[in-house]
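Colleague: I am new to this structure. Could you take me through parts of it?

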Amino acid sequence: MSSASLSQWLPDDDRVERAMTALGVEFHDPALLQLALVHRSILNEQGADSAATIVASNERLEFLGDALLGMITAEWLYRQYPDQPEGTLTSYRVALVRTETLAEWATDTGLHELIYLARGEMGDGSDIRPRILAGAFEAALGAIYLDRGMDVATQFMLAILDADADRVMGDSETTNYKGRLQELIQNREKLTPGYQTVQATGPDHARTFVVEAVLGDRILGTGSGSNKRAAEQDAARDALDRLALEGIVETDGRPL
C-alpha cells in the first residue's frame, strides 16, 4: 500500500518527524517509519478492509526487526563476553530481547507517544500494552534497516545495548524483584501479582511515579521511581520486605 493510500486512515500530524528525532535516524523514505508506527487496531477502528489491515500495519516490519534484533544482539554478546559459555549467552539474550525489555526501550526512545493506535488497545491506566510497544520497537528497527541499511541499523542497536544491556542483564540476575515476587506468589497462591500506577508527579523531564504491587484487592507493596519500571521494581522489593516481616520469605526474597 502506498503512503498516499495509507494516509487516508491516519491523522495528519508531525509524529513521523518526531519519531526520526526520537530515534536519531534521518529517513530517506519517512513513509517506512510511518508504517512502523501503525498498529493494526487503528486501521480496524477507521474501517479499513482486511487486506489494508494486513499490508498497512507494522506487523511485517516487526517480523523483519525481530530477526535483526536477534542477530545483532547475539553478535554483540559473542564479542562482549568472549569467555562465557553458550548457556550464559543465551540467558543474556533472552533478557535483552524479551517483550518487557523492548517495551522499555520503545518508551525510552519516545515511541510510546507516537504509535498510531486505537484507544481500545490501551492497558490499565491508559498505558500501552508491552507487546504493542515491543512490536513498534522491532518494526522501527526493521524500517531503519530497509531505509538506511545494515550499518545504521546495527549502530542504532549497539548504542542501546552499550548503554543499557548491563542494567537489563543485572536486573534479570540479581535485582529482578518483580520476577522473585511473581515466582513466590505463583507458587503460594497460583496467581500473578499486578502493578498499578497510583501517582505521577513532576514535569515531563523529571517525573516521579508511585506504583503499588497488588494481588486482587490486597496491596502487597508500594514503590517509587523516575519511570514506571523502576517504580514497579521498588514496589516488588517493598512487597518482599513486608512478606519477610510476616515470616513468609527470607529477607533476600527466598521462600522459607
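Predicted model: local features only at pLDDT ≥ 70, side-chain atom pairs only at ≥ 80, totals over all residues.

Colleague: How many bridges join β1 to β2?

Modeller: Strand β1 (residues 194–201) and strand β2 (residues 208–215) run antiparallel and are joined by 7 bridges. Strands are DSSP runs of E with at least two residues, helices are runs of H or I with at least four, and both are numbered from the N terminus. Two strands pair if DSSP finds at least two bridges between them.

Colleague: Which residue is the bridge partner of Gln-199?

Modeller: The partner is Val-210 in β2.

Colleague: And what lies between β2 and β3?

Modeller: That hairpin has 2 residues between its strands, and Gly-216 in the turn has a positive phi of about 65°. Strand β3 (residues 218–225) pairs with β2 in the antiparallel sense over 7 bridges, and Gly-223 of β3 stands opposite Val-211.

Colleague: Now the helices: at what angle do α7 and α8 pack?

Modeller: Helix α7 (residues 86–97) packs at about 45° to helix α8 (residues 99–108), with the axes 4 Å apart. Axes are lines fitted to C-alpha atoms, for helices over the stretch in contact, and angles run from 0 to 180 degrees between N-to-C directions. The angle therefore makes α7 oblique to α8 (under 35 degrees is roughly parallel, over 145 roughly antiparallel, 65 to 115 roughly perpendicular, and the rest oblique).

Key:
Residues numbered from 1 in each chain as written. Heavy atoms only, no water.
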